[in-house]
Amino acid sequence: MKRFNEEGAPLSDGGGDPLQLTSGGPGARLIAEMPKAELHLHLDGSLRVTTALELAATRDVDAPRTYAEMFAALVWDPHPTSQANLLRAFELPVALMQDAEALERVTIELIEAKASDNVEYLEIRWAPLLHIQRGLSDAEAIEAVCRGRREGMRRTDATVGLICVAVRSHPPEDNRRLAALAADYQDEGVVALDLAGLEAHYPDPLDHRAAFEVAAAAGLRTTVHAGELQDGGAGVRRALELGVPRVAHGATAIADPQLCADLRAREVTLDVCPTSNVQAATFARLEDHPVAALHRLGVPVSISTDDPTISNITLSEELVAVSAATGLTLPELWRINLHGLDVAFVEPDRASELRARFRRWADWAPELAPADAE
Ligand SMILES: [Zn+2]
């Protein structure tokens, strides 16, 4: 049954969930078991604490030597600060992942962790040029993750795409070279080029236009991080000038109705990460995050965790928390989840297989897709 407000407009595309979405309740268990797609996930934000301890000890990296201290070093303080401070949380993981074995291992463990949360399709992104401080070549920093992907997929049922991240603060020429190199690994699972890093100091993604042109010409897909600063949507608008089909984050677009209309018209998906946005102080509280408003405006969105270790959250936990804070219903979460497959950087045949598998699973849970919600 649709619910309507006093003017007769539908409140949401689902509503009246018979499964309560409270932590530990049947709705939360359903979300945990639901097959999921996650599109916005950073390798260096996903390090297991025990793995970090082993890498620190065996690589002689100056880092904590006990679980509690390492947890405190890797997991972001829950008090919101800024994107700059959140980015600092990556310094230790990056320092620990400077050889092929470490990169490969962390990739395998991330795929296994996601598979255990029933994330059956995921895209993992990392910045190869941040992992060459101890002698790896650019190519080796890509190949190690490709090997980890292959082994992770062998051990699980997950389908995994890889996204090479160009860093905003790096010289545009370095990123152009990275784009060309990344394109050589499409047979090994590299599917796209991304741009990430400090927006405040390096606001203009168009500085790296050449890298994006090289990537697109070579057959890679593209995406850009934008909208972690409250700037009225200006960062998201600039990202669109690169012609990307997906923006990483981008929820600040809500401030600009015309931008929201453009995103809808151009079918550009925002891969939002609500908890991460709160930790970066983009939005003060989860309750203030506009993911539900964007979805109900018709702006395409997907929901991801960004950095499961730094944010200390699984995708299932993220979905339950977002639902509780923003009112997104189970049918809405399910449609957002399926949309992730529609815009995934994966071959159409594989996407169709995954979509069929997801829908078959949903036959067990008619609450996810009530007949009047389509
Ligand atoms: Zn991100």
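Guide: A nonpolar core is a set of buried Ala, Val, Leu, Ile, Met, Phe, Trp, Tyr and Cys residues joined through C-beta atoms within 7 Å. In soluble globular proteins, nonpolar side chains tend to be buried together. In this predicted model, the largest such core has 103 residues, and Ala182, Leu193, Val247, Ala253, Leu270 and Val291 have the most contacts inside it. Strand β3 (residues 159–167) gives the most to this core, namely seven residues.

Visitor: Which residues is Val291 in contact with, leaving aside its neighbours within four places in sequence?

Guide: The contacts of Val291 are Ala251, Val272, Pro274, Val301, Ile303, Val322, Thr326 and Leu328.

Visitor: Which strands pair with β7?

Guide: Strand β6 (residues 246–249) runs parallel to β7 and is joined to it by three bridges, with Arg246 opposite Thr269. Strand β8 (residues 301–303) also pairs with β7 in the parallel sense, over three bridges; here Ile303 is the bridge partner of Val272. Together with helix α11 (residues 257–266), β6 and β7 make a right-handed β-α-β unit.

Visitor: And how does one read the buried side of a helix?

Guide: An α-helix has 3.6 residues a turn, so residues three or four places apart point the same way. In α8, the buried residues are Asn175, Leu178, Ala179, Leu181 and Ala182. They lie on the same side of α8, because they cover an arc of only 170 degrees around the axis. Their cover includes α7, β3, β4 and α9.

How values were computed:
Residues numbered from 1 in each chain as written. Predicted model: local features only at pLDDT ≥ 70, side-chain atom pairs only at ≥ 80, totals over all residues. Buried ≥ 20, exposed ≤ 12 C-beta atoms within 10 Å, placed from the backbone. Helix = DSSP H or I, 4+ residues; strand = E, 2+ residues; numbered from the N terminus. Contact = placed C-beta atoms within 7 Å. Pairing = 2+ DSSP bridges. Right-handed = clockwise from strand over helix to strand, strands pointing away. Arc of directions from axis to C-beta.
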